[in-house]
Amino acid sequence: MSVSKNIILFALLSVLLIVFMLAMQDLDVLYNSYGRDYYLLYGLEETGSRNLVSAIYLDYRLFDSLFEAGILLIAVSGIIWISKHDIEEKNAKFMIDKYKTPDLFVTFSRLVYPLMLTFGFYVIINGHLSPGGGFQGGAIVATAILILYYIDSERETNIGLIVTIEKYIFMTIIVLASISLFTRGTFFTNFMPLDASLQMKSIYLVLLNLLIGFKVALGLWTIFTAFLKEGR
Amino acid sequence: MDPILTFIVVLIGFYGLSTSSNIIKSVFMVTIIESGIILLFLNLGNYQGGSIPIFSEQVTSIVDPLPQALMITTIVIGSTVTAMALMLSIKVFHYYGSIEWKDVLGREELKL
Amino acid sequence: MIFIPVYLVIIPIFASLVIYIFKNKHMNYLALLAQAVVTVLAIVYYQHFSGNFEATMFVFGGWDDRIGISMSNDALSLSFVFLTVFTWWMVLLYTFDKGNTNHNFIFFLLFLEGVFFGILMTNDLFNMFVFLELAAILVTILIAFNKAGNSFRAGIYYLLVNTAGVLTFLIGIILIYFTFGTININVITNLMPLYGDELIIKFAYVLLMSGIAVKSALFPVFTWLPHAHGVAQSAISALLSGLIVKGGLYLFIRINQMYAAANYDYYAFFFVLGALTAIVGVMFALSQKDMKQILAYHTVSQIGIMMMGLSSQDVNVYYGGVLHIFNHALFKSLLFLGAGVIIKVYRTKKVNEIRGVFKTMPWVSIFMIVGMLSITGAPLFNGFISKSIIKYGIQDSGIKYWTLFIINIGTATSFIKMSQIFFGPQSLSYPMQRKLQNFALMSIAFGCIILGNFYIPINQGFFGIDLSYIHIFEFAKFFDYFLTLAIGYLFYYFIISKDKPPIPNIRNFSISFEASNIIFIALIVVMTIYFVLL
């Protein structure tokens, strides 16, 4: 790494920084808060979700979320395909060495595991009322499941089954999101009518959050397992 | 935090991407760029201040919820890209015995 | 009827999931069924809405169009949809003929089709980003599908470079969102006269364009393309070179349409960039010995020609560029698929080791020759039409005309070099006739010839442009072509075939990953200085 290369690089990056600072000055005048005001005014009324972030990713921009779940699904299948060895191994042992995991850690893991799992489900189910949602809660649930590998390092996981279930869940999400075609005549929104009560609307929100949460949890679990196997 | 500071994080990522000779480091630099962008977007959403984007009757001004929703998507995308890239770099290491770009890219093709 | 774009996206994805779940050999044929349904839907959609493309816009959930995600179509996106359908038919037929088709492969392939439809039809910038990233990951998996060392290497190179590019695209989206308060492309297009001159929007343009430059492999940042397209399976190479890389050019057109009211003078800049891409691509192609590398570098150079067309103020030249995207998709996928058959039989990729292809497999050779004639711009074939339009439009400007002439000579030389594989005695026996593969190759070859001869009614019907000023049967055209071939042959005979000094140096010239990133940053800075500060 030569000095001249560094100088050139710094010069280039500082040009970008200066232009960005100028752009930020523009933003003082131009800042447009149309979206923000819209969500505050109509968000709850139209989607039935108090959490306006959930309102966006479960209703206004559900199409994005579908493919956000899809990208995870693709990554899971891709990583499994790439990491698959030519010889089928049964009962692959993981790199976690149970003799090196401290007993204290194992004991605390046993205590924390149910709490994390409960917290994860709480975040998923209350995603439309308080901070949280399917993606965030799913990540917590996945972490809880991964603690199991520390408690019992001899665990066997049937990855094939998990991946298949994940695919089914993804298909269910698409179907659930498209029911609105028959009830409201348009794709990818709440299937309850627009003037339904908040309780009725939250049926859809909770269902979708649950499905997304499961899907994310299963996906992250699979990715982690694939890496564990690779690290042996 | 200031949007400009977060943009500096992005630039640090680009600096690292153009100086690191190691595949794993490059992967992490892409992750740093990604994190910088996420912070930038959230910061700009908070540009004029406001409370958390959860509706209640007392709230009159909130931060923009759209950046937060979009950044969940970006975080998921970023994590999948990182996972994918790390798995590929493990495989590259198995085949070439090195994770230095110059060792990996300089090598002739091993087989068809 | 208005929701057909959603079906186009969802049906291939759903079919791919079913195929993945059942893991059954017979279930793979579901891919063909889904493909047939998609074809019918696309045709019905086109017939319903042709001439009335404003009506194709709809918002998911029926929300305010500044809030929800919307989709819309125009003649350009629909013609891309038909191109996508056609290319996927050919690739599917080609892969199905190989016998044991892997259900994983079909899964990723079909999913990619749905995602690509999404890129073409979406009307929302962030949605576009999601689809781009999804496509990048899918393409990475497809490149690395062989699980050989060099395919992993190409996969990670592709993934990191493209992710860096798409992330700059995302920064541009952020700046646009906070200025316009929306990321709906139609709304932004209408509001552009208000904000077009602001510095922040110009900077956003630069960031969007640099992301697109990586995606479409323009001059300084094309290094990922030969890596990726050279090592993937032949069917995937055909798909990538024929279609996926054109996604970048499609975005180039869309974003420039979005910025139309801002009146930036991007023409000269991207013309130069396109010309450099074309020349450098040809230079590298001439030095290569690996058949797929030659074809991959020619993709780079042809993208340069398309860019030269697209960055023109003259409407005719612009359509020349658009038309060249379609023509190139046909002949490049034909060449890659044909090369795949040849490589499979000869078990080598080296041009100077393969001999006697014409005697061994006459049909494949004929189709390959059609592809070569098209790419070199022979009259009666489709490459001629689009190249002539561009040439006709820029003939007043001396330097532009000669640049194109040099690129044509380089292309001719390179394919004269490649045609040496046809000569010589039969060295191998071709084990079996692949009917579906030959059918796929034949269909694309017919496509080349049809587009090369009946171009007036086709373009009149689809884009509504009159091409009757291009005549095929003129002595000058044939003279031009044979002159190019003759110069190309001399060039080949005296310089390339002797492997004179500059050629091995170019072949061994390689650029490190770090350096390619510095070049990328330099490109962003140059564009910033050109568009924002000047």
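A: Let's start with S65(A), which is buried, with a relative accessible area of 3% (buried means under 20%, exposed over 50%, partly exposed in between, with a 1.4 Å probe and protein chains only). Keep in mind that this is a predicted model, where local features need pLDDT of at least 70, side-chain atom pairs count only at pLDDT 80 or more, and totals for chains, interfaces and linings use all residues. Residues are numbered from 1 along each chain as its sequence is written, chains are lettered from A and ligands numbered from 1 in the order in which they are written, and side-chain values use heavy atoms, with hydrogens and water left out.

S65(A) sits in helix α4 of chain A, residues 62-83 (helices are DSSP runs of H or I, at least four residues, numbered from the N terminus). Leaving out residues up to four places away in sequence, S65(A) touches Y57(A) and F135(A), a contact being heavy atoms within 4.5 Å. With Y57(A) there's a polar side to it: a polar atom of the S65(A) side chain lies 2.6 Å from the backbone oxygen of Y57(A).

Now for the nonpolar packing. The largest nonpolar core has 321 residues, and I74(A), F188(A), W224(C), Y259(C), F270(C) and I342(C) touch the most other members. Such a core is a set of buried Ala, Val, Leu, Ile, Met, Phe, Trp, Tyr and Cys residues joined through side-chain atoms within 4.5 Å. Helix α6 of chain C (residues 149-180) gives this core its largest share, 21 residues. Apart from it lies another core, of 16 residues, including F271(C) and I503(C). As for W224(C), its contacts beyond four places in sequence include Y157(C), V161(C), K215(C) and H229(C).

Chain A also meets chain B: 44 residues of chain B are in contact with 44 of chain A. About 4,000 Å² is buried between them, 77% of it from carbon and sulfur atoms; that's the accessible area (1.4 Å probe) the two parts lose on being put together, summed over both. On chain B's side, α1 (3-17), α2 (23-45) and α3 (65-96) each supply at least two residues, and α3(B) gives the most, with 18.

Neighbours within four places in sequence aside, N256(C) is in contact with Y205(C), M209(C) and Y266(C).

Definitions and conventions. Polar contact = N/O pair within 3.5 Å; in protein donor to acceptor, adjacent residues only side chain to side chain.
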